[in-house]
Amino acid sequence: MKTLNKYIGVTLTSLFLFGCDKGFDEMNVNPIALTAVEPSYQLNTAIVNTAPAYGNLSYETTIVKQMITPFSGQGSAANFNQDNRSVAAGNWNTFYQTNIKELTDVIAKTKDVPARSNLYNMARIWQAYSFMILTDTYGDIPYTQAGRSYLEGIATPAYDSQESVYNAILSELDAGSAGLDAAKAKVASDLLYDGDVVKWKRLGYSLLLRAAMRLSKVNPTKAAEYVAKAVAGGVMQSNADNAIIRHNASFTNPIGSQLNGGQSAFFYLAEDFVSYLSKNNDPRLASIAVRYVGATSGAQQVESRANRTPAVQIGAPLGYDNTTISSAVAAQKLASLWDYSQLDRTRMASLTAPSFLITYAQTQLLLAEAAFRKWTTGDPATFYSNGIRANMQQFASYGTNTAIADAAITTYVQANPLATGKELEQINTQYWVATFLNGPESWANFRRSGFPILTPNPFPGSDLKTEPFIRRLTYTDAELNVNKVNVEQAISRQGPNLLDTRIWWDKK
């Protein structure tokens, strides 16, 4: 033991003496370590990180009855109306840990640099969009102090009311869009539009329109004010303006990665979604769906069984688990639950399928509603048909095997005009289809508009107490542990941390 103690003592003494030597600091600097990050790359990171992911399947797309899994386990969520905090934390962790952190840094680096004003305003637009998804999901959130742990040492940020967050989002989108200037330096590395300032302006004002419409129930006067600002600024003009993340082998589509991996046999198209498309002879069904006819297991979902004909598609009903669904399977004379229709993972859910975030089609449909409400000029019926047509045309972006023929589009549009007395239902039901796979937006607009008219998920044992549909996702357990005081203040202001607590703009 003496020998060991003596050895340790000599070693510590040597380290101490060496530590006093001149040049020690320089010797301990990694010569190839990253000391600064180019802010335009940080913006790209935030953009790519916005692609809808796995949690989008488990909660948002299931809440609005577009997708469903009857399987329980770690992914149990909206399929059983359950509060699964590990899944509900998806948007929180994704956006705060990456988007808000990166964009807050970009804004701080570029705010006072005139030569980088376009990058500064692009970051403001994308940060406002990111905060919009967060507040639409959870309600009151950290906004003013969010992302400032590194910059200001704020590790437990205060929560802002959703009303104040939306006021800031509207202001940022308006100012950020107006601040973009084609005469100033182009952000050539921008992966969304290759630095095209005109397209970024249209994106910003289209998001402003989207944010303004969120206030239709809670503050229609302000909604109309900002709709007018968005239209005056100039929104998207065609599908060429769509905000799309184009995936490749290096960065695969997050949904496609799940549906081509271990989740391939777990998720199905929901009965309500398939039935709506089928009943209306919607040509989009042929591009979306595949059914592995007669499959009795996931292993039998192979191409030789694949049938993409619209007439044979059968959506899976909500309200069952993988055991109780046997009664529905028998009633529909299917081979098994694996016989229901799925999102085609070789086309729209392929590894390289694009992610659509903000589109011309969605913008036209929002304008249709705004025009119907007399918040902007123009013919609601024209905006409506333009939105449908544009959404169908964008299917060609997934590949030639999902493209919809112009003749089929024209036939559908002519057969489905905007009908007097049903304008809001028709417009927002089409918005439901036009936002397929972008669950956060589908769910937000469903809560705002009340359309499409859907029957609640009847699964027994629901965590819902007062509402037929999930109205928000709950705060994370990590926040409740680490930032308890601020979270509790938000809960006392907003209401219980439950799935059926309505957020500010979701007024009855």
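Two strands are taken to pair if DSSP finds at least two bridges between them, and helices (H or I, at least four residues) and strands (E, at least two) are DSSP runs, numbered from the N terminus. By that criterion, strand S4 (residues 289-292) and strand S6 (residues 341-343) pair in the antiparallel sense over 3 bridges. This is a predicted model, in which local features need pLDDT of at least 70 and side-chain atom pairs count only at pLDDT 80 or more, while totals for chains, interfaces and linings use all residues. Residues are numbered from 1 along each chain as its sequence is written, and side-chain values use heavy atoms, with hydrogens and water left out.

**Helices H3 and H7**

- Helix H3 (residues 39-48) packs against helix H7 (residues 90-110) at an angle of about 155 degrees, with the axes 9 Å apart; axes are lines fitted to C-alpha atoms, for helices over the stretch in contact, and angles run from 0 to 180 degrees between N-to-C directions.
- That angle makes H3 roughly antiparallel to H7, a term applied to angles over 145 degrees.
- Pro-39, Gln-42, Leu-43, Thr-45 and Ala-46 of H3 meet residues of H7 including Thr-98, Asn-99, Glu-102 and Leu-103, contact meaning heavy atoms within 4.5 Å.
- The residues of this contact of H3 with H7 divide into 5 nonpolar, 5 polar and 3 charged.

**Helices H17 and H18**

- The axes of helix H17 (residues 360-372) and helix H18 (residues 380-393) come within 8 Å and cross at roughly 165 degrees.
- H17 and H18 are therefore roughly antiparallel to each other.
- Among the residues making the contact are Tyr-360, Leu-365 and Phe-372 of H17, together with Pro-380, Phe-383 and Tyr-384 of H18.
- By class, the contact of H17 with H18 has 11 nonpolar, 4 polar and no charged residues.

**Helix H21**

- Helix H21 (residues 439-449) is mostly covered, with 11 of its 11 residues buried, including Trp-443, Phe-446 and Arg-447.
- Gly-450, which follows H21, has a positive phi near 85 degrees.

Key:
Parallel < 35°, antiparallel > 145°, perpendicular 65-115°, else oblique. Nonpolar A, V, L, I, M, F, W, Y, C, P; charged D, E, K, R; others polar. Buried < 20%, exposed > 50% of the residue type's maximum accessible area, 1.4 Å probe, protein only.
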